[in-house]
Structure formats: structure tokens, C-alpha cells
Amino acid sequence: PLYDPMLWGSLSDAVANALDGDGSDMVALADEYLDLADADIYFAVGCLDSDWPDTADELLAAGKAAAVDSPHFGESIVNDYVRCAIWPAEEEPLPPVTAPGTPPILVVSTRNDPATPYEAGVRTAERLASGVLLTYEGDGHTVVGNGVPCVDDIATAYLVDLEVPDNGTTC
């Protein structure tokens, strides 16, 4: 697994150790997280798709305010987005993709996805001329192929046997 508790211990242990003055486990966890993917694309999309303060000072002030509610992580998480306040490029919106004339396109959206809002999947399926929505009533990101039998069976039937589920099917 990407996070091996035998190697690094739990996040709660790492936080407790950091509060006691030893941040080595937190650094190890951060290094492991940063090795997962290049964040440049994430920030390029996030900075251009959302509204941000106009100056770095405004964003840093928002970080100070976040520290009131979340003293351990609030300020650092907000401050990580300071790059969005000074992003060097303007947005160039793309026209909506509707894919007219295509066979049915399966869109899987998870109700409690921590990274992609459920409604984004709903809108995508609605926007596509042949979009078919499969809803997973659960938690997590990228559920297909992650051991949820209902979702995996439907996705496999769609990809292998070209069986299209009813629009609005829920697992």
C-alpha cells in the first residue's frame, strides 16, 4: 500500500510525536504523499477553476483565520494555495464536451468522494449526449476496480460485454 502503518505508524502517532517535538514521522508521511503524483496539474486546474483572493496577503490572512478553527493544519492547508492568488496564467475555458453520436458513456460518481464532488459526476452524465450515471453510495475516490462488487460488476459488464446499466443505477 501507499501508506504502510508498519513502516511509519499511524497519522495520529505522527501528530502526537510532532507535538512532542519529533516531526520525523510527519516528514516521512509528507514525503510519501508528495511522491504519489506531481501536484502541478492539480494546482493548475484548481487555481484556474475556482475564485481566489487577488493577492497573496489576502490568502495568507485567510490562513490565519483558518488556524482559529483548525490550529494544527488549517493555516498550512490554506497557505498551500497562495500560488493560486498569484497564478501567472488566465483561465481559458473549454467549450462543454457533449460527445454527440457516441455510444453510451458510463459515468461513475461516488456520493462521498473526498476529491471530486458527487454533483460533478451528475453534471457530466447530464451534459454528455449519451451519458449514463452510476452512483456509488459510499466513500472514497476512484471506486471502479477497488473491490466494490456492485460497481465492479457493472463496470466490467459495460467494458467487456458492452452492457449498459440503466441511467441512475445506484450501488
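I shall speak about the sheet, the helices against it, the nonpolar core and the disulfides.

A word on the source: this is a predicted model, in which local features need pLDDT of at least 70, side-chain atom pairs count only at pLDDT 80 or more, and totals for chains, interfaces and linings use all residues. Residues are numbered from 1 along each chain as its sequence is written, and side-chain values use heavy atoms, with hydrogens and water left out.

Let me begin with the sheet. Helices (H or I, at least four residues) and strands (E, at least two) are DSSP runs, numbered from the N terminus. Two strands pair if DSSP finds at least two bridges between them. Three strands form an open sheet in the order E1-E2-E3, with parallel pairing. Strands E1 (105-112) and E3 (169-170) each have a single partner strand and stand at the edges, so one side of each lacks a neighbour in the sheet. Seven bridges join E1 to strand E2, residues 131-139, in the parallel sense; Ile105, for instance, has Gly131 in E2 as its bridge partner.

Next, the helices. Axes here are lines fitted to C-alpha atoms, for helices over the stretch in contact (heavy atoms within 4.5 Å), and angles run from 0 to 180 degrees between N-to-C directions. Helix H8, residues 118-127, lies across E1 and E2 at about 160 degrees to E1. Helix H9, residues 149-161, lies across E1, E2 and E3, at about 165 degrees to E1.

Which residues make up the largest nonpolar core? A nonpolar core is a set of buried Ala, Val, Leu, Ile, Met, Phe, Trp, Tyr and Cys residues joined through side-chain atoms within 4.5 Å. Buried means under 20% relative accessible area, exposed over 50%, and partly exposed in between (1.4 Å probe, protein chains only). The largest core has 10 residues, among them Leu106, Leu134, Ile154 and Cys171. E2 and H9 each supply at least two of its residues.

Finally, there are two disulfides, that is, pairs of cysteine sulfur atoms within 2.5 Å. In one, the sulfur atoms of Cys47 and Cys84 are 1.9 Å apart. Cys47 lies in helix H4 (residues 40-49) and Cys84 in helix H7 (residues 82-85), so this pair ties together parts 37 residues apart in sequence. Cys47 is buried, at 6% relative accessible area. In the other, the sulfur atoms of Cys150 and Cys171 are 2.0 Å apart. This pair links Cys150 in helix H9 with Cys171 in the segment after E3.
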